[in-house]
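Keep the sequence and the 3D view open while you go.

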Amino acid sequence: ACLQALDLDGSRRLADVVSTCEIHAGNKQEHVQAIVAASGCNIREVLFLDNEESHCRDVAALGATAVHCPFGLTTAAWRRAR
C-alpha cells in the first residue's frame with residue numbers, strides 16, 4: 001500500500017516501477033545479494049529502505065543506495081532517497 005501512495009512524477013507511483021519488494025528478518029547483506037542474483041540487476045541499481053540504521057550501513061557497504069527510514073517509508077524518507 002505504501003508503494004502505491006508514493007508519487008514519482010504525477011503519472012506513476014513507486015509501485016509501478018518496483019520489480020522486487022521483500023521483507024525478511026536476518027542478515028540484510030545476504031538477503032540483498034540473493035535478490036540481486038535472482039533479478040540480474042547490478043547492486044548499484046538497488047534502493048534499500050529500512051528502519052534499522054545498521055541494516056542500511058550493511059547494505060550500503062555492498063554498493064546499494066540505502067535510506068534509513070526510522071518512521072517507515074514516509075514522503076520525507078522518499079524524498080531523501082531520490
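**Exercise 1.** Which residue in β2 is the bridge partner of D50?

This is a predicted model, where local features need pLDDT of at least 70, side-chain atom pairs count only at pLDDT 80 or more, and totals for chains, interfaces and linings use all residues. Residues are numbered from 1 along each chain as its sequence is written, and side-chain values use heavy atoms, leaving out hydrogens and water.

*Solution.* Start with the place: D50 sits in strand β1 (residues 47-50); strands are DSSP runs of E with at least two residues, numbered from the N terminus. Next, look across to strand β2 (residues 65-68), which pairs with β1 in the parallel sense over four bridges; pairing takes at least two DSSP bridges. There, D50's partner is H68.

**Exercise 2.** Find out which residues lie on the covered face of β1.

*Solution.* Remember that in a regular strand the side chains alternate between the two faces of the sheet. Here F48 and D50 make up the covered face, while L47 and L49 are on the uncovered one.

**Exercise 3.** Work out what the side chain of D50 reaches.

*Solution.* First, check for a salt bridge (a side-chain nitrogen of Lys or Arg within 4 Å of a carboxyl oxygen of Asp or Glu). D50 is buried but has none: K28, the nearest side chain of opposite charge, is 4.4 Å away. Buried means under 20% relative accessible area (1.4 Å probe, protein chains only). Then look at the backbone nitrogen of E52, which the D50 side chain reaches at 2.7 Å.

Notes. Buried means under 20% relative accessible area, exposed over 50%, partly exposed in between (1.4 Å probe, protein chains only). Lys and Arg count as positive and Asp and Glu as negative; His and the chain ends are not counted. A polar contact is a pair of N or O atoms within 3.5 Å; within protein, one must be able to donate a hydrogen and the other to accept it, and residues adjacent in sequence count only if both atoms are side-chain atoms.
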